[in-house]
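Have a look at the model first, and then we'll go through it topic by topic.

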Amino acid sequence: MSHDHFMRRAIALAEHAVHSRAGGPFGAVIVREGAVIAEGCNRVTSIKDPTAHAEIVAIRAACETLDHHSLAGCTIYTSCEPCPMCLAAIYWARLDALFYGNSRHDAAAIGFDDHHIYEQLARPLHAGAVPAIRHLQDEAKAAFDAWLAKPDKTHY
């Protein structure tokens, strides 16, 4: 199978999301060793979850399929350049490569504009639009101390 084949499948999922009223026009496919192991389309409005972007849906399904939190050795094909949340998830999942169709500017032109998020991410946390106040840090550190002391932790 070719990159074209997998990208066309991601595009078909994006079109499906539109016509089925699942969510916005976004689709994603995750491939390992030439085979599709997971797919996802945007489901934000249908399941009322702002994190249910196509890439996140596909990443969750791929991790379940592989029974592992790492998708090293896999490639993701998306119908659009990932938003900041999805791009971060792609990095956290350790995907090997990303292929995308539409750009973030194409998405903005139809009402899916992430520019404000990119602007916020460029600012220090305390200077963002959402107030960020550090609170009970000494108590919160207990969980980190427990993690450090845990001999059988799973690293990621």
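What covers the buried residues of α4? The cover includes α3, β3, β4 (97-102) and α6 (115-121). Keep in mind that this is a predicted model, where local features need pLDDT of at least 70, side-chain atom pairs count only at pLDDT 80 or more, and totals for chains, interfaces and linings use all residues. Residues are numbered from 1 along each chain as its sequence is written, and side-chain values use heavy atoms, with hydrogens and water left out.

**The whole chain**

- The protein chain has seven helices and four strands; helices (H or I, at least four residues) and strands (E, at least two) are DSSP runs, numbered from the N terminus.
- Reading from the N terminus, the elements go α-β-β-α-α-β-α-β-α-α-α.
- The C-alpha trace spans about 50 × 40 × 25 Å along its principal axes.
- Out of 156 residues, 31% count as buried. Here "buried" means under 20% relative accessible area, "exposed" means over 50%, and "partly exposed" is in between (1.4 Å probe, protein chains only).
- Take the contacts (heavy atoms within 4.5 Å) between residues at least 6 apart in sequence: 48% of them join residues at least 24 apart.

- The buried residues in α4 are Pro84, Cys86, Ala89 and Ile90.
- How do you describe a helix pair? Two packed helices are described by the angle between their axes and the distance between the axes.
- For α3 and α4 (residues 84-92), the angle is about 25 degrees and the axes are 9 Å apart. The axes are lines fitted to C-alpha atoms, for helices over the stretch in contact, and angles run from 0 to 180 degrees between N-to-C directions.
- That angle makes α3 roughly parallel to α4. The cut-offs are under 35 degrees for roughly parallel, over 145 for roughly antiparallel, 65 to 115 for roughly perpendicular, and oblique for the rest.
- The α3 and α4 crossing is left-handed, a label used if the near helix is turned anticlockwise from the far one by less than a right angle (clockwise would be right-handed).
- On the α3 side, Glu55, Ile56 and Ile59 make the contact, and on the α4 side it's Met85, Cys86, Ala89 and Ile90.
- Sorted by class, this contact has six nonpolar, no polar and one charged residues. Ala, Val, Leu, Ile, Met, Phe, Trp, Tyr, Cys and Pro count as nonpolar, Asp, Glu, Lys and Arg as charged, and the others, Gly among them, as polar.

**Residues with a positive phi**

- Most residues other than glycine have a negative phi, and most peptide bonds are trans.
- Arginine 21 has a positive phi, near 65 degrees. You'll find arginine 21 in the loop between α1 (3-19) and β1 (27-32), and it counts as exposed because its relative accessibility is 72%.
- Aspartate 67 also has a positive phi, near 55 degrees. Aspartate 67 lies in the loop between α3 (54-66) and β3 (74-80), and its 70% relative accessibility is why it counts as exposed.
- Arginine 94 follows α4, and its phi is positive, near 65 degrees.

**Cysteines without a bond**

- How many disulfides does the structure hold? It holds zero, where a disulfide is a pair of cysteine sulfur atoms within 2.5 Å.
- The sulfur of cysteine 63 has its closest cysteine sulfur in cysteine 74, 8.4 Å away, so that is too far for a bond. Cysteine 63 is buried, at 18% relative accessible area.
- Cysteine 80 is in no disulfide either, and its nearest cysteine sulfur, in cysteine 83, is 9.1 Å away. Cysteine 80 is buried, with a relative accessible area of 5%.

- Threonine 75 sits in strand β3 and is buried, at 16% relative accessibility. Not counting residues up to four places away in sequence, threonine 75 touches Val29, Ile30, Val31, Leu95, Ala97 and Phe99.
- Glycine 101 is in strand β4 and is partly exposed, at 43% relative accessibility. With the sequence neighbours up to four places away left out, glycine 101 touches Met7, Thr78, Ser79 and Cys80.
- Valine 18 belongs to helix α1 and is partly exposed, at 42% relative accessibility.
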